[in-house]
Amino acid sequence: MQLTPFCLMLSCLQVSPDRSQFFRYDSVSLSCDDQVNSTGWKVKRKTSEGGVRPCSSGWGTTSSGATCVIGNTYPSDSGVYWCESEDGNRSNSVNITITDRTVLLESPALPVSEGAAVTLRCKAETFSSDHTFDFHKDGLPVGSSSTGEMTIHGVSKLDEGLYMCSIPGFGESVSSWLTVDGSLPPTSSDPPSASCSVSVSRLMCHLVVGTPYLLSTILLGLIYRDRNRAARTVAERRGSHNVIMEIAV
């Protein structure tokens, strides 16, 4: 059995929406993105009791093997999910938590690429404009927001860890692990300024270094052309002079 942690070689378990926590009665779709043409991919899960079973039980759940849609989530749907083929290949695994708490943290369920911009969202089951949202990483406060959002720009391995959020006087969420992987390709949410500046710098460098060579090549070409013209002119003049001399004799 081969295990690929971050969907680079085998099937990749995709989660929609891409977050690891859900309120009761939310909807979540899990699907297998086959990258090796293995047969019989199924979404499987490890339950809190330690058992393993296909993602096919529970009211409101539909499963076609490679896709499992849980229409009304319950805490009993919490667990580790992955894709597995008939020949024993396995995908990445995702930890899904269905919470009964009044506060939920929306963080990516799948690994995020290093350098991307990641937004964490803290949500209350009952909305109020008076909420203050506090974010914590590994048990330590890392920020506070009045909008319920905290964005980490240019995320790195140092930002990897266990995140949770709380609303004073209202409650706190369960914790979720944020995974950062440097081998993943950049996503569309990555800030383009860094790569753009690098490209512009390289272009300017090539122009500065290459321009003298280009000008030298053009100059040598012009000199070579002028010399050929001069040689042809001299040859033509010599030919005309010889003809004149022969007539004179």
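Two strands pair if DSSP finds at least two bridges between them. Strands themselves are DSSP runs (E, at least two residues), numbered from the N terminus. This is a predicted model: local features need pLDDT of at least 70, side-chain atom pairs count only at pLDDT 80 or more, and totals for chains, interfaces and linings use all residues. Residues are numbered from 1 along each chain as its sequence is written, and side-chain values use heavy atoms, without hydrogens and water.

Strand β10 (residues 103–106) pairs with strand β12 (residues 118–124) in the antiparallel sense, over four bridges. Leucine 105 of β10 stands opposite cysteine 122 in β12. In a regular strand the side chains alternate between the two faces of the sheet. In β10, Val103 and Leu105 lie on one side and Leu104 and Glu106 on the other; all are buried (under 20% relative accessible area, 1.4 Å probe, protein chains only).

Three disulfides turn up in a search of the whole structure; each is a pair of cysteine sulfur atoms within 2.5 Å.

| Pair | S to S |
|---|---|
| cysteine 32, cysteine 83 | 2.2 Å |
| cysteine 55, cysteine 68 | 1.9 Å |
| cysteine 122, cysteine 165 | 2.2 Å |

The link of cysteine 55 and cysteine 68 is left-handed, at -60° about the S-S bond. Cysteine 55 sits in the loop between β5 (52–54) and β6 (61–63), and cysteine 68 in strand β7 (residues 67–70).

Conventions
Buried < 20%, exposed > 50% of the residue type's maximum accessible area, 1.4 Å probe, protein only.
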